[in-house]
Amino acid sequence: MRPARGSTRLRAMSGSGAGKAGLLAALLLCLFTGNVLADVTVFAAASLKESLDDVTRSFQSSSGIRTVISYAGSNALAKQIESGAPAGVFISADSAWVDYVGTLGAVVPGSRANLLANDLVLIAPASSNAPVTLAKGVNLALILGDRRIALANPDAVPAGKYAKASFIALGAWDAISSRVAAADNVRAALALVARGEAPLGAVYRTDALADKNVKIVATFPADTHPAIVYPIVQLKAAANAKEAGKFAAYVKSPAAIETFKKYGFRAP
């Protein structure tokens with residue numbers, strides 16, 4: 001295997017009395033080689049972490065194709081693609097950032113599909129007893145007191161954008177817009193609530209189910225925000241286009257979709 005060859009090369013240098021500089025160079029070479037020789041590099045929305053890791057393990061086991069996944073906010077990943085990052089597959093938490101990548105000419109024609117759907121929920125620390133009903137005119141400022149509500153960046157990150165749209169529809173945004181703890185991605189918003197640093201937060205249902213330190217206190221009405229879908233596309237920058245295509249096909253397979261459902265996702 002490729003990493004093993006790198007390891008053999010390092011041992012040979014050490015045995016021949018190579019200096020510290022040579023050893024460091026060999027280590028860096030091994031690390032670098034391990035990254036660029038991955039058969040598929042995938043950019044995926046942070047909310048997919050546990051489920052996509054599970055699906056990827058099955059894919060690697062059945063195909064023998066090594067896969068490296070980079071998780072972050074969809075906006076950050078789209079900007080990395082714009083900067084020339086050599087990813088082969090992009091799975092976003094909304095359509096807008098896939099649309100954006102499409103305008104760059106970075107998407108393989110005909111490769112786009114809606115992979116999954118999700119729900120947006122309001123969460124609180126697991127020990128909280130704060131009752132909340134997300135209905136027109138809800139006043140979350142009363143619950144927040146002098147504290148803040150945790151959202152993924154509502155101006156860029158899909159989960160935050162969905163939450164902002166819903167709060168506007170419910171007539172609640174003006175009261176909380178200055179009380180937002182904006183996080184880089186939805187998992188960072190989840191962590192703020194899980195650690196008790198924020199009394200409330202808006203995340204996907206799948207995020208809430210992944211952390212025992214939070215609980216769902218309400219579900220955002222579906223008609224108050226755009227439908228939450230996860231589009232998948234293949235990218236022209238793929239180092240190994242054939243393998244990237246196999247990965248994209250696998251994650252859309254019935255077996256993979258059933259795995260995603262175990263983590264709380266829905267079919268689109």
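A residue counts as buried under 20% relative accessible area, as exposed over 50%, and as partly exposed in between. The legends below describe close-up views of a predicted model.

**View 1. Ala76 in helix 4.** Ala76 lies in helix 4. With a relative accessible area of 33%, Ala76 is partly exposed, because this value falls between the cut-offs of 20% and 50%. The C-alpha atom of Ala76 is separated by 8.7 Å from that of Asp184, although the two residues are 108 residues apart along the chain.

**View 2. The pairing of helix 4 with helix 5.** Helix 4 spans residues 74-82 and helix 5 spans residues 95-103; their axes come within 9 Å and cross at roughly 5°. The two helices are therefore roughly parallel to each other, since angles under 35 degrees count as roughly parallel. On the side of helix 4, the contact is made by Ser74, Asn75, Ala78, Lys79, Ile81 and Glu82, and on the side of helix 5 by Trp97, Tyr100 and Val101. By type, the residues of this contact are 5 nonpolar, 2 polar and 2 charged.

**View 3. The buried side of helix 5.** Trp97, Val98 and Val101 are the buried residues of helix 5. They lie on the same side of the helix, because they cover an arc of only 100° around its axis. The elements that cover these buried residues include helix 4, strand 3 (89-91), helix 7 (158-169) and strand 10 (229-234).

View 4. In helix 12 (residues 254-262), the buried residues are Ala256, Ile257, Thr259 and Phe260. Their arc around the axis is only 155°, so they sit on the same side of helix 12. These buried residues pack against helix 3 (49-63), strand 4 and helix 11 (241-251). The exposed residues Pro254, Ala255 and Lys262 are carried on the face turned away from the buried side. Just after helix 12 comes Gly264, with a positive phi of about 105°.

**View 5. Asn118 in a loop between strands.** Asn118 is placed in the loop that runs between strand 4 (113-117) and strand 5 (120-125). Asn118 is buried, with a relative accessible area of 2%, because a value under 20% counts as buried. Neighbours within four places in sequence aside, the contacts of Asn118 are Tyr204, Arg205, Thr206, Ile228, Tyr230, Gly264, Phe265 and Arg266. Gly264, one of these partners, is the residue with the positive phi just after helix 12.

**View 6. The nonpolar cores.** The largest nonpolar core has 69 residues, and those with the most contacts inside it are Leu48, Leu52, Leu122, Ile149, Phe167, Tyr230 and Phe260. Helix 9 (residues 186-194) supplies the largest share of this core, 6 residues. Another core, of 15 residues, lies apart from it and has Phe43, Ala72, Trp97 and Ala106 among its members. Tyr230 of the largest core is also one of the contacts of Asn118.

**View 7. The surroundings of Ile149.** Beyond its neighbours within four places in sequence, Ile149 is in contact with Leu122, Leu140, Leu144, Phe167, Ile176, Arg179, Val180, Ala181, Leu200 and Gly201.

**View 8. The whole chain, for orientation.** The protein has 12 helices and 10 strands. Of its 268 residues, 48% count as buried. Among contacts with a separation of 6 or more, 78% join residues 24 or more positions apart.

Note on methods
Residues numbered from 1 in each chain as written. Predicted model: local features only at pLDDT ≥ 70, side-chain atom pairs only at ≥ 80, totals over all residues. Heavy atoms only, no water. Helix = DSSP H or I, 4+ residues; strand = E, 2+ residues; numbered from the N terminus. Buried < 20%, exposed > 50% of the residue type's maximum accessible area, 1.4 Å probe, protein only. Contact = heavy atoms within 4.5 Å. Core = buried A, V, L, I, M, F, W, Y, C linked by side-chain atoms within 4.5 Å. Axes fitted to C-alpha atoms, helices over the stretch in contact; angles between N-to-C directions. Parallel < 35°, antiparallel > 145°, perpendicular 65-115°, else oblique. Nonpolar A, V, L, I, M, F, W, Y, C, P; charged D, E, K, R; others polar. Arc of directions from axis to C-beta.
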